[in-house]
Amino acid sequence: MSQFKPSQKILHWTSGLTIIGLFALGYWMRTLDYYSSWYQTAPEIHKAIGVILIAVIALRIILKAVYPAPAPLATHKPWEIKSAHLVHLSMYVLILVIMTSGYLIGTADNRGIDVFGLFEAPALFIAFEEQEDIAGFIHEWCAYLLMGLVAIHAGGALKHHFIDKDNTLKRML
Amino acid sequence: MKNTIKIIGAALALTLSSAAFSAETYQIDKKGMHASIQFKIKHLGYSWLTGRFNDFDGTIVYDEKSPTASSVNVTIKTASVDSNHAERDKHLRDEDFLNVSKYPTASFKSTKIVSKGEGKASITGDLTLNGVSKAVTIETTEIGAGSDPWGGFRRGFEGTTEIALKDFNINFNLGPASEKVFLVLNVEGIRQ
């Protein structure tokens, strides 16, 4: 069977789990009480991990261009291949939109984003009116949409594993 | 007799017109922005956090002869809140505080003015904020009035008041030291 490369597996699982973790952290941090000890640290961690994720995703996209994913299994039906591709592409687009909008929230007012005290991601020159509100709206709703696609993506993998009993999931493990 | 009626009529007309003229309308100088609506609230009880609303407009009807006949009308675009921190401003605009998508404007309409002499007055009126209307009293001082160098006539006031966030259904817990917001209004009106 055509396995994914170890580098592809590592990038898939680390970025995938990080994205789900960032969604959970982002959702939770907005419910915090002002006097919670996490009130300041949770958003700082969310933003710092988000900045690092930008580099990881950039690496993943470059590697994807150099080493494409193995061909679909022969048993995959055309509609399965098509819908899987559509979900993959949509997830990539949403991830890029979410990362860009997140960056624009954190850097509104021309503030940089501190990354665990290691360095500061600078504000870009493209500041616009109501930046934090527009970017915030896009960031939130694209994140919900992405989680919906993640559920479809994971559901598809589980369907192949448990119902079709093929190697679709195993070749990513 | 006819002449007497004429004279009385003329006198009456003069009185009425002068009464009408004694009330002057001033438009807040929004264009040149010689006005500000600032707020301050204690942060944890350790310092003052200040901010302002950048977009507002209003009129003052000023009656020098009977100040109590004056009135004030101000509307504020709540989305223009600016505390010099984008992420905090975003939070201030959402449902926890100003709820600006549901209540895009706040307003103050005076209902009663009590003159205290020496340019000081207490202006009571309805403040509508976050969809809640409540009477508040603004203590005002006239700073000055006179001709400007560009052919107009201006009059300026300073006003202060304090409101409890809870009164306006803003219930996000900022701590016991941060339940009140102090407002400072500096307004310069141009006579119309």
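One term before we start: two residues are in contact if their C-beta atoms, placed from the backbone, lie within 7 Å. Helices (H or I, at least four residues) and strands (E, at least two) are DSSP runs, numbered from the N terminus. This is a predicted model, where local features need pLDDT of at least 70, side-chain atom pairs count only at pLDDT 80 or more, and totals for chains, interfaces and linings use all residues. Residues are numbered from 1 along each chain as its sequence is written, while chains are lettered from A and ligands numbered from 1 in the order in which they are written.

**Stop 1: H2 and H3 of chain A**

Select H2(A) and H3(A). Which residues meet here, between H2(A) and H3(A)? From H2(A) come Lys47(A), Gly50(A), Leu53(A), Ile54(A) and Ile57(A), and from H3(A) come Ile95(A), Met99(A), Gly102(A) and Gly106(A). By class, this contact has five nonpolar, three polar and one charged residues (Ala, Val, Leu, Ile, Met, Phe, Trp, Tyr, Cys and Pro count as nonpolar, Asp, Glu, Lys and Arg as charged, and the others, Gly among them, as polar).

Now look at the geometry. The axes of H2(A) and H3(A) come within 10 Å and cross at roughly 140 degrees, so H2(A) is oblique to H3(A). Axes are lines fitted to C-alpha atoms, for helices over the stretch in contact, and angles run from 0 to 180 degrees between N-to-C directions. Angles under 35 degrees count as roughly parallel, over 145 as roughly antiparallel, 65 to 115 as roughly perpendicular and the rest as oblique.

**Stop 2**

Keep H2(A) (residues 38-66) and bring in H1(A) (residues 6-29): they pack at an angle of about 155 degrees, with axes 10 Å apart. That makes H1(A) roughly antiparallel to H2(A). The residues of their contact divide into 15 nonpolar, seven polar and one charged.

**Stop 3: H4, end to end**

Select residues 131-163 of chain A. H4(A) has 33 residues and reaches 46 Å from its first C-alpha to its last, close to the 48 Å expected at 1.5 Å a residue (the expected span is 1.5 Å times one less than the number of residues). Colour its buried residues, among them Gln131(A), His139(A), Cys142(A), Leu146(A) and His160(A). A residue is buried if 20 or more other C-beta atoms lie within 10 Å of its own, exposed if 12 or fewer, and partly exposed in between. What do the buried residues of H4(A) pack against? They pack against H1 and H3 of chain A, together with H2 (86-93) of chain B. Just after H4(A), stop at Lys165(A), which takes a positive phi of about 55 degrees.

**Stop 4: Val115(A)**

Val115(A) sits in strand E1 (residues 113-115) of chain A. Leaving aside neighbours within four places in sequence, its contacts are Ala48(A), Val51(A), Ile52(A), Glu120(A) and Ala121(A).

**Stop 5: over to chain B**

Show chain B, which has two helices and 11 strands. Of its 192 residues, 21% count as buried. At the interface, 10 residues of chain B are in contact with 10 residues of chain A, and the chain B side has three nonpolar, three polar and four charged residues.

Finish at Val61(B), in strand E4 (residues 56-63) of chain B. Val61(B) and Thr25(B) are 36 residues apart in sequence and 4.4 Å apart in space, C-alpha to C-alpha.
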